[in-house]
Amino acid sequence: MPEITNIVILTGAGISAESGLATFRGPDGLWEGHRVEDVATPEAFARDPSLVQAFYDARRARLKSAEPNAAHRALARLDAEWPGELLIVTQNVDDLHERAGARRMLHMHGELKSAWCLGCDARMRWEGDLGDHPACPECGAAGRLRPDIVWFGEMPYEMERIDGALMQSDLFVSIGTSGAVYPAAGFVQTARHYGARTLEMNLDPSLGSYHFHESRIGRAGELVPMWVEEVLGSS
Ligand code: APR
């Protein structure tokens, strides 16, 4: 295996499935119960803010009873022990990576536990509901807080930082994502273009499986701790 120094890890809903959080496109997936265009677009929020707030309030409340699983803990261990560059880019809006101890990470699709005031543009940590029109702690405006979630049609966060990390990466690892949504689904091609080795770990082959040098099929809770042992053993 060529020298690995810089690692980029992309995670999706599949890494939180064993923590009891629903994925989007599997059986019982979130998009089975809701239409994306009804709950995850700016137009939906303009049309029916209460429905959208209720969808995210329920997911935020659900987080309280979810715990990080072995895959989150293994990535946090790798983050703590890896001597080279490492960046966890999660598409997930849950806080399970942080609660497992991950530090070198970012949420490209926003976070359930962040609110965004459309009155003063401030973003703030938020634990409770937004459906009851709370006032913005920064500017006092009532009913102007929206979930700080990147909806379809909106620009994901920190794309420059992500592209920079991909261009420098020696190893790109994708965990628990279906490869259905861009730009995340295209990261493997960028990483390969700049010479990185690429590995996918997923319950089923993702839509982009053929782009990966290696694809391991199985549960993240089993595959990720084994892979972290391997990588730390080789460092
Ligand atoms: N271990 C590993 N992979 C799993 C597990 C598991 N225990 N359970 C499910 N998976 C895999 C599924 O096989 C699927 O390929 O996780 C993937 C989940 O895919 P999606 O539900 O499409 O979730 P994700 O890829 O994160 O969606 C990307 O789409 O709806 C938007 O913004 C939303 O961030 C989300 C984005």
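Where is D28 found? Figure 1 answers this.

**Figure 1. D28 sits in a loop and has a positive phi.** This is a predicted model, where local features need pLDDT of at least 70, side-chain atom pairs count only at pLDDT 80 or more, and totals for chains, interfaces and linings use all residues. Residues are numbered from 1 along each chain as its sequence is written, and side-chain values use heavy atoms, with hydrogens and water left out. D28 is found in the loop between β1 and α1 (30–33). Helices (H or I, at least four residues) and strands (E, at least two) are DSSP runs, numbered from the N terminus. Phi of D28 is near 60°, although D28 is a residue other than glycine. D28 is exposed, with 72% relative accessible area. Exposed means over 50%, buried means under 20%, and partly exposed lies in between (1.4 Å probe, protein chains only).

**Figure 2. H133 also has a positive phi.** Its value is about 55°, and H133 is not a glycine. H133 is found in the loop between β5 and β6. The residue is exposed, at 53% relative accessible area.

**Figure 3. Six strands form an open sheet.** The strand order is β3-β2-β1-β7-β8-β9, and the pairing is parallel. Two strands count as paired if DSSP finds at least two bridges between them. The edges are β3 (105–107) and β9 (214–217). Each has a single partner strand, so one side of each is left without a neighbour in the sheet. From one strand to the next, the twist averages 15°. Axes here are lines fitted to C-alpha atoms, for helices over the stretch in contact, and angles run from 0 to 180 degrees between N-to-C directions.

**Figure 4. β1 pairs with β2.** Strand β1 covers residues 7–11, and strand β2 covers residues 86–90. The two run in the parallel sense over five bridges. I7 has L86 of β2 as its bridge partner. Strands of a sheet pair through backbone hydrogen bonds, either parallel or antiparallel.

**Figure 5. The largest pocket has a volume of about 960 Å³.** Of the 46 lining residues, A13, T23, F24, R25 and S178 are the closest to its centre. The elements α4 (49–63) and β8 (197–202) give two or more residues to this lining. By type, the lining divides into 25 nonpolar, 15 polar and six charged residues. Ala, Val, Leu, Ile, Met, Phe, Trp, Tyr, Cys and Pro count as nonpolar, Asp, Glu, Lys and Arg as charged, and the others, Gly among them, as polar. On a 1 Å grid over the protein atoms alone, a pocket is an open set of points with protein on both sides within 12 Å along at least five of seven lines; lining residues have an atom within 4 Å of a point. Grid points are joined across faces, edges and corners, and the volume is the space filled by probe spheres set on the points.

**Figure 6. The second largest pocket holds about 230 Å³ of space.** Of its 14 lining residues, L21, A22, L30, R59 and D94 are the closest to the centre. The lining divides into seven nonpolar, four polar and three charged residues.

**Figure 7. R123 and D148 form a salt bridge.** The closest N and O atoms are 3.3 Å apart. A salt bridge is a side-chain nitrogen of Lys or Arg within 4 Å of a carboxyl oxygen of Asp or Glu. This pair links distant parts of the chain, 25 residues apart. R123 lies in strand β5 (residues 123–125), and D148 in strand β6 (residues 145–149). R123 is partly exposed at 39%, whereas D148 is buried at 5%.

**Figure 8. R99 and D95 meet in a salt bridge.** The N to O distance is 3.2 Å. R99 is partly exposed at 34%, whereas D95 is buried at 9%. Salt bridges that share partners join E67, D95, R99, K113 and E127 into one network. The whole structure has 19 salt bridges.

**Figure 9. R219 and E222 meet in a salt bridge.** Here the N to O distance is 3.0 Å. R219 is partly exposed at 41%, and E222 is partly exposed at 44%.

**Figure 10. A cis peptide bond joins Y182 and P183.** Omega is about 5°. P183 is placed in the loop between β7 (171–175) and α8 (187–193).

Methods. 1 Å grid on protein atoms, 1.4 Å probe; cavity = no way out; pocket = protein on both sides within 12 Å on 5 of 7 lines; lining within 4 Å.
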